[in-house]
Amino acid sequence: MDPSFTSVGVFALLGLGFVFGLKHATEVDHVVAVSTIVSEHCNLLRSALVGGLWGAGHTASLVIIGVLVLVFRVAIPFGVTNWLELGVALMIVALGILAVVRVLRKRPDVHLHRHSHDGRSHVHIHFHEHGTEHIPATISHQLSETKPAAHSHAIAQVGFKPLLVGAMHGLAGSAALTLLVLTQIQSIWLGLVYLAVFGVGSTVGMLLMSGLIGLPFALSSRRLTSINYGLQTTAGGLSVAFGLWYTYEIVIVNSLWRTIL
């Protein structure tokens, strides 16, 4: 074992990495993206699991990039990071759109109607007043989605979407972090341990954050259905708005359009 591991300064550095990881989990783009995924679930355990899977994907991508940086002593160009950040922004927009569409599909008072006028057929969204909703033809299928079988596993119910989202966030934020590790830590093993501790901190932070975010969705899922739908729609709408603003910041403010042209 590297003797430098026993020094007080190293333990302080690792402790700082854990604290930075906790703070990193609360960044706005992370919280917004995870919120749209958490809004799908009406269970605190699954909501917290979303954060845990996000942290696992986030840590895995950081460690992989960290190995390349520490072994080959190269820094990731910030131009590449800007493209990855743009990918994150577009991903957040897509997550928001999917969240809104999912809510519209689940609501019994909102569905698509097909009409024909003058020989032409078109489809539009149809809203019902309270108490006049159609009985869904696929009621059994909807019940199977809202009440999963008792033997199903939590990870299977959550899916691997948060894992992939976390990995994307890890790639986008890897340049600044690995540059810090590259300039401050000379030991490869110590650098990897730092990245791992940072990843654990971000995982713990997001696990707590996603559980907190999932609380209102869980409380409103049983009897306050309309409020629950409203919360899900709000989460999706905010995700789209933030993603579009984030895209503007990256493309216009950071002058990414110059590289595009």
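1. A word on terms to begin: a crossing of two helices is left-handed if the near helix is turned anticlockwise from the far one by less than a right angle, and right-handed if clockwise. By that rule, α4 passes α10 in a left-handed crossing. Helices here are DSSP runs (H or I, at least four residues), numbered from the N terminus.

2. Before going on, please keep in mind that this is a predicted model, where local features need pLDDT of at least 70 and side-chain atom pairs count only at pLDDT 80 or more, while totals for chains, interfaces and linings use all residues. Residues are numbered from 1 along each chain as its sequence is written, and side-chain values use heavy atoms, with hydrogens and water left out.

3. Back to the helix pair: α4 covers residues 78-106 and α10 covers residues 225-253, and the two pack at an angle of about 160° with their axes 8 Å apart. Axes are lines fitted to C-alpha atoms over the stretch in contact, and angles run from 0 to 180 degrees between N-to-C directions. The two helices are therefore roughly antiparallel, a label for angles over 145 degrees. Their contact involves 18 nonpolar, 9 polar and 3 charged residues (Ala, Val, Leu, Ile, Met, Phe, Trp, Tyr, Cys and Pro count as nonpolar, Asp, Glu, Lys and Arg as charged, and the others, Gly among them, as polar).

4. Next, have a look at the aromatic rings. The structure holds 2 aromatic pairs (ring centres within 6.5 Å, using the six-membered ring of Trp; planes under 30 degrees apart are stacked, over 60 edge-to-face and the rest tilted). F242 and W245 make a tilted pair, 5.7 Å centre to centre with 40° between the planes. Both residues sit in α10, 3 residues apart, about one turn of the helix.

5. F242 also pairs with Y246, again tilted, at 5.6 Å centre to centre and 40° between the planes. These two lie 4 residues apart in α10, about one turn of the helix. Together, F242, W245 and Y246 form one aromatic cluster.

6. How does burial look in this cluster? F242, at 15% relative accessibility, counts as buried, and Y246 is buried too. W245, at 46%, counts as partly exposed (buried is under 20% relative accessible area, exposed over 50%, partly exposed in between, with a 1.4 Å probe and protein chains only).

7. Finally, do visit H169 in helix α7, residues 161-172. At 2% relative accessibility, H169 counts as buried. Leaving aside neighbours within four places in sequence, H169 is in contact (heavy atoms within 4.5 Å) with D29, H30, A33, W54, H58, V88 and M91.

Key: Angles under 35 degrees count as roughly parallel, over 145 as roughly antiparallel, 65 to 115 as roughly perpendicular and the rest as oblique.
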